[in-house]
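Please consider the model shown below, first as a whole and then at selected residues.

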Amino acid sequence: MKLTTAQALVRWLLAQRSETLDGREVPLFPGVFAIFGHGNVLGLGTALEEHRDELPVWRGQTEQGMALAAVGYAKATHRRQVGVVTSSIGPGALNMVTAAGVAHANRLPLLLLPGDTFTGRAPDPVLQQVEHFGDPTATVNDAFRAVSRYFDRITRPEQLLSTLPQVARVLTDPADAGPVTLALPQDVQVETYDFPDALFAPVTHCPQRPRPDRRALTEAAGVLRSARKPLLVLGGGVRYSGAGARAMAFAERHGVPVTETTAGRTLVPHDHPLHAGPLGVTGSTSANVLAAEADVVLAVGTRLQDFTTASWTVFSPGVRLITLNAARFDAVKHGAMPVVGDADASLAELAAQLESWQVETSWTERAATERRRWDARIDSLRAVSGEVPTYAQVVGVVNDLSEPRDYVMTASGGMPGELIGGWRGSGSISMDVEYGFSCMGYELAGAWGAAMAHTGGLVTTMLGDGSYLMLNSELFSAAFAGHPFVAVVCDNDGYAVIARLQEGQGGKPFNNLLADCRTAHPSPPRVDFARHAESLGCAVFTASSVDDVRAAYAKAREAAVAEKRPAVVVVRTQPNSWTEAGAWWEVGVPEHLSGREGYDERKAAQVRYLEGRI
């Protein structure tokens, strides 16, 4: 079949199918986000136009925003579908590097197709080309190497035959999932080749369930049997494996209290008697109390990053750690006892080895007791009186008015601590907190992608004024495309959560809240977020009290669905009221600041490495 490189690539994309966790067959690549330029408009752009009815193409306003939307799509489909993003060379390509970092840090599949400079080099230096004096093969696309799971530059059409199977492998592998970058020189995009028909034969990619090593499983079972106070920690890998029900059945059978990481949030019904709450800095005091007492921790599908472990101070120094993970890279960290395998299959086999093993009821009951105390704390924060709403109160309103199949999102600033720690879910997987990279601006762009994918309920994204100003143009993309969601924008006059960190450690207020930033203007302007969002095609509602928030959010939900566009709720919020889980996060504190004494004390209690403790 004589095709251009770009035509062959598009036909291959169309041939790839995916099996969802509930057994449905769907396109692996459901659509393409594209901004065209001289590096891709006639090659890949023409090939995409030929299949415009089969492969939807969505135009965004920034390459970063489009790629973040693709990341949000992958998360909402539990990594079973992959967004594709193409750009021209130069600034268009480099704009996507941040989104590649988001996908890489969060282990989410993403296919990036940036245009590249001519392999023939006849017009060098081509428009938007940066020249490396000692390496003519280097282009800006080499910047993707650091944030890609798989990188290739296609310099001959026939190279697709060997690289495309690797592309599919990385995008669908439970251990290696992450961003793939195929740099496409624009002369190679239009070069023709006789491609074999077999390249375009339909392929369905099914969830892989690698089984654990029997010896490792037996050793892990032995350690669990010796535990008096075990704790089960559920991470994003449980979500992507579809192992939530299996994990809860395991906990119920053996009486093990359960807590969640950021990526695993909403796997457990909030009111379940074994639910201790979310773990870590942005988690709950209830989970952290149990973690400090646990003698064995079974961590499933999590890399146990610093916010989950309170920079490795949340567990007792003598804890025995078992990590069950599809990725051996993550399983062997921290001197843990590694069990490498799929979460669902491995938990089933582990439960079979444990048979009738049961935890003492006094420990089992601690989960519900401690969580009730945390719930009372959240209730008190939501009920606090004051003219200006707090983040906790805004989250409470959204939580109260949301339906079980709705989907809530955030990424950065103070909102993750409020949403992770305070949200009360029903056990459906209904939350995306992008806290692997904590990318400001993901909240709006990612919501566009999530709204495309999550059609069974309404998507609500929650963000601060800082994130809104970072990247808001995809509000127009979503409005233009007709993808509804609700965005709740909390305006507290700047980067308030970093101001809290700065001042809480003894630093002087500086360059975070707008009042503490340099300006020559006698009366600095304020952003009218409502008018701005309206100008981007959104339905807009404003609020200044908790009752206002409730009314505005209810109206926004109705408007988003009825009008098929984003609806934005703008609310002034307090800049200095936060939900605290009582955990430590390690940041560098200079010796002369008041926070250094507390830093030294917590640093001394930090568990650096657990080898030999199993």
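The paragraphs that follow describe the overall fold and then several individual positions.

This is a predicted model, in which local features need pLDDT of at least 70 and side-chain atom pairs count only at pLDDT 80 or more, while totals for chains, interfaces and linings use all residues. Residues are numbered from 1 along each chain as its sequence is written, and side-chain values use heavy atoms, with hydrogens and water left out.

The protein contains 24 helices and 23 strands; helices (H or I, at least four residues) and strands (E, at least two) are DSSP runs, numbered from the N terminus. Its radius of gyration is 25 Å, close to the 25 Å given by the globule rule for 614 residues, so the protein is as compact as a globular protein of that length. That radius is taken over C-alpha atoms, and the rule is 2.2 Å times the number of residues to the power 0.38. Along the principal axes, the C-alpha atoms fill a box of roughly 70 × 70 × 50 Å.

Of the 614 residues, 58% are buried, where buried means under 20% relative accessible area, exposed over 50%, and partly exposed in between (1.4 Å probe, protein chains only). The protein exposes about 24,300 Å², of which carbon and sulfur atoms supply 52%; accessible areas come from the Shrake-Rupley method with a 1.4 Å probe, and for residues only the protein chains shown count as cover. There are 55 positive and 66 negative side chains, and the centres of the two sets lie 4 Å apart. Lys and Arg count as positive and Asp and Glu as negative, without His and the chain ends; each charge is placed at NZ of Lys, CZ of Arg, CG of Asp or CD of Glu.

Attention now turns to individual residues. Serine 87 belongs to strand 6 (residues 84-87) and counts as buried because its relative accessibility is 0%. Leaving aside neighbours within four places in sequence, serine 87 is in contact with residues including Ile35, Asn40, Glu63, Met96 and Leu113. A polar atom of the serine 87 side chain lies 3.3 Å from the backbone nitrogen of alanine 93. The C-alpha atom of serine 87 is separated by 29 Å from that of phenylalanine 529, 442 residues apart along the chain.

Threonine 460 lies in strand 20 (residues 459-464) and is buried, with a relative accessible area of 2%. Its side chain makes a polar contact of 2.7 Å with the side chain of tyrosine 553. A polar contact is a pair of N or O atoms within 3.5 Å; within protein, one must be able to donate a hydrogen and the other to accept it, and residues adjacent in sequence count only if both atoms are side-chain atoms. Beyond neighbours within four places in sequence, threonine 460 is in contact with Val398, Tyr407, Val408, Met409, Val486, Val488 and Tyr553.

The peptide bond from aspartate 124 to proline 125 is cis, with omega near -10°, and proline 125 is in the loop between strand 7 (110-116) and strand 8 (150-153). Arginine 107, although not a glycine, has a positive phi of about 55°; this arginine is in the loop between helix 5 (97-105) and strand 7. Serine 311, also not a glycine, has a positive phi of about 50° and is found in the loop between helix 12 (306-309) and strand 16 (320-325).

Technical notes:
Contact means heavy atoms within 4.5 Å.
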